[in-house]
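Open your viewer and have the selection tool ready. We will go from one stop to the next, with a word on what to look for at each.

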Amino acid sequence: MTANVTPPAQRASAKRVLLASLTGSSIEWFDYFLYGTTAALVFNKLFFPTFDPVVGLMLAYLSFALTFFIRPLGGLIFAHIGDRIGRKKTLVITLSMMGGATVLIGLLPGYDTIGVWAPILLVLLRLIQGLGIGGEWGGALLLAYEYAAPNRRGLFGSVPQMGVTIGMLLATLAMTLMSLLPDEQFMSWGWRIPFLASAGLVFLGLWVRNGIDETPDFQKAKQEGQVAKMPLVETLRDHWREVLIAIGAKIVETAPFYLFSTFVVSYATSSTLQYERFDVLNAVTVATLVTTFCIPLMGLLSDYIGRVKVFIAGAVAMALFAVPYFLLLDQRSTTSLMIATVVALGLIWAPITAVLGTMFSEIFATRVRYTGITLGYQIGAALAGGTAPLIATWLMSRYDGSWVPVAVYIIVAALISIAAVSAVRVRKPE
């Protein structure tokens, strides 16, 4: 805390910052998840038409996965700004990039209208989204974390993570409502409405973020001359071990998430299980609502028992539930679908994601914190996030529709993250 900021003033600022962090983060993830949800329902038909439905679906998922590999680049660019100039400035840029790309996707003609330019432009806009979200997460997290009192950093650090689920909730809800339209209208114009509506949300987010101040931690580092000149070089030189830990920890948080929220849409509505699209999207919506409420509770719990214990408990539960999840889906009832999705995404995933950002922040020095957490988060997401639906689709195709290899994939992800987090060593307060 800087000397000229009184505790009451800082508490008031913290509340405003939490609102700004949550609002902007929710809007960015809403834009981001709209693509993931729509990829399995629309893009494989309008932008990647082929004679083989599996190939079309995999191409749509590939366009989804490509963004994860551009996210580290976006993270490096904006983390450099965040560690050199400040946390706040990056967030205006990232939100504007994300919102602009999303609106343009909603206006983009399909393959039947402009031919090969349709998938090319779609992928280009998706890459712009990736650059934006790559820098957004670290800034939103540090706004909350660096304003928090030491005994409430778990709670504060979990609030931006709620933006992930709120954004997904809004995206899924929007597509669920549009899915009520007749198929012809949904495919023609219905799916575009949420993308275009994003423009209003972006203006709201920019207005909220315009009134926030720089974080006390960064102000202190700047006053003491502790701002890193080359954050990336310093991070890789002095904090490479922490970066590897963060990458490993991210795997169980991201791979199962995209399986339970994105892959399940195409898998459950396939000819094998034959769930209704509305029922699948409704299950994901309910599960996302549950986890949104669970995340701050798990963050608060970590303030009492520690981040590592909460994280490992969630990762172990994830491994144990991998097989029961698919067994429940095999029951082919809306009740079993709801239970499987709510338990996996709503309850088990919550403690993992709630403490992830705070745990990352506590292992890096302030001068390279933005760069360090962003590298770990985005590289981990690139390795295990966007590729998860693609890998799962390939595994089921390779093994005659069996879900067993996908369950093993989830278990392996959990074991990798448990091993990584076991090596966490929290830094002493600066």
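Start by selecting Ser 198, which touches Phe 30, Asp 31, Gly 99 and Thr 102, leaving aside residues up to four places away in sequence; contact means heavy atoms within 4.5 Å. Ser 198 sits in helix H8 (residues 192–209), where helices are DSSP runs of H or I with at least four residues, numbered from the N terminus. Its relative accessibility is 0%, so Ser 198 counts as buried (under 20% relative accessible area, 1.4 Å probe, protein chains only).

A note before moving on: this is a predicted model, in which local features need pLDDT of at least 70, side-chain atom pairs count only at pLDDT 80 or more, and totals for chains, interfaces and linings use all residues. Residues are numbered from 1 along each chain as its sequence is written, and side-chain values use heavy atoms, with hydrogens and water left out.

Next, select Phe 43 and Phe 311: they touch the most other members of the largest nonpolar core, which has 112 residues (buried Ala, Val, Leu, Ile, Met, Phe, Trp, Tyr and Cys joined through side-chain atoms within 4.5 Å). Helix H11 (residues 240–268) supplies the largest share of this core, 17 residues. Apart from it, look for another core of seven residues, including Val 17, Leu 91, Tyr 147 and Val 208.

Now pick helix H14 (residues 334–361). Of its 28 residues, 22 are buried, so H14 is largely enclosed by the rest of the structure.

Finally, colour by pLDDT, the predictor's confidence in each residue from 0 to 100. The protein chain averages 84; confidence is highest in helix H13 (residues 307–329), at a mean of 96.

Note on methods
Buried means under 20% relative accessible area, exposed over 50%, partly exposed in between (1.4 Å probe, protein chains only). Helices (H or I, at least four residues) and strands (E, at least two) are DSSP runs, numbered from the N terminus.
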